[in-house]
Amino acid sequence: MKKNSFKNFIPTRFNHGNLCFPSNKKTDKVKSVLSNCNLIFFASVGREGSGFMGNLFSETSKCITFHERRPYANGKKLIRSSLSNPYSSQRNNRVKLSKIADDITREKAQTYVESNHMFIKTFGKELLYIYDISFTLVSLRRPLVDTLKSFSDLNWFGEVFSRASNWVYKIDANTPLKRKELILDGHLDEAIGYILSEKLNECNFLNNDRNKRINYIKVNIPPNDKDIQTLKNLIGLDSSNFSLTSHKNT
């Protein structure tokens, strides 16, 4: 057995990555903190470079950056509840936003960046629909064939789905791509269905931005020079000598 595959045998109830104890801030206080910070989140189905993006940003003055910051806001139940229409406030999503407010307050950060691909599936809906706060949403655009190959290599829709179902899902009548009794022939069909569903979820997310809270941009993976400049502008980096680098996926 590969060393990295051992975690797939750990019952998911012990390892959701959601164990977290934020400070006891009231909703109005959390909203005030978030409203006064430059918030940058990402739209990604997973395996589209979110980890790579999370590692691009060095810790610059008054900017804090994470790929997946605990609590991760994942889990089958949370995904199912958050995808419901209309959306209703979820406790785990509120805890996630409260923890972000804690990080911002502690670091006195002017910009908060998190490339967690759970954003539009879970806590992003709380931020948009309930808190009604402005933020930047970076849509990652990796060639779909590469994303699909990554899903296949990790076998997320195969033998390890019982664990991977904490961050991905199989489409049915309750998912953004609403389908009943759809004939799917194998793991690749499941993955394709999920990718299509999440792209539709992103479209729905944007269409529900009635108060125009979202600054929406698209970035290619791997990023080209124009993408890098766009990302630098988002976090206020004007120096031509500064280059975004990552030791991940090089």
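Biologist: Which residues of α4 are buried?
Modeller: This is a predicted model. In α4, the buried residues are N93, V95, K96, L97, S98, K99, I100, A101, D102, D103 and I104.

Biologist: How far apart are the end C-alpha atoms of α4?
Modeller: They are 25 Å apart. Helix α4 covers residues 91-107, and its 17 residues should span 24 Å at 1.5 Å a residue, so the two values agree.

Biologist: What follows α4?
Modeller: K108 does, and its phi is positive, near 50°.

Biologist: Where else is phi positive in a residue other than glycine?
Modeller: One case is R47, with phi near 60°. R47 sits in the loop between β1 and α2 (50-56). Another is N155, where phi is about 60°. That residue, N155, belongs to the loop between α6 (144-154) and α7 (161-164).

Biologist: Why point those out?
Modeller: Most residues other than glycine have a negative phi.

Biologist: Is R47 buried or partly exposed?
Modeller: R47 is partly exposed, because its relative accessible area is 35%, and the cut-off for buried is under 20%. N155 has 22%, so N155 is partly exposed too.

Biologist: Changing topic: which way do the residues of β3 point?
Modeller: β3 is residues 111-114. T111 and V113 point one way, Y112 and E114 point the other way, and all are buried.

Biologist: How many bridges are there between β1 and β3?
Modeller: There are 4, and the pairing of β1 (residues 38-43) with β3 is parallel. For example, L39 has Y112 in β3 as its bridge partner.

Biologist: And what about β2 and β3?
Modeller: β2 (residues 63-66) also runs parallel to β3, joined by 4 bridges. There, T65 has V113 as its bridge partner in β3.

Biologist: Last topic, the prolines. Is the peptide bond from R70 to P71 cis or trans?
Modeller: It is cis, with omega near 0°. P71 is in the loop between β2 and α3.

Biologist: What joins N85 and P86?
Modeller: A cis peptide bond, with omega about 0°. P86 lies in the loop between α3 and α4. Most peptide bonds are trans.

Conventions
Residues are numbered from 1 along each chain as its sequence is written. This is a predicted model: local features need pLDDT of at least 70, side-chain atom pairs count only at pLDDT 80 or more; totals for chains, interfaces and linings use all residues. Side-chain values use heavy atoms; hydrogens and water are left out. Buried means under 20% relative accessible area, exposed over 50%, partly exposed in between (1.4 Å probe, protein chains only). Helices (H or I, at least four residues) and strands (E, at least two) are DSSP runs, numbered from the N terminus. Two strands pair if DSSP finds at least two bridges between them. The expected span of a helix is 1.5 Å times one less than its number of residues.
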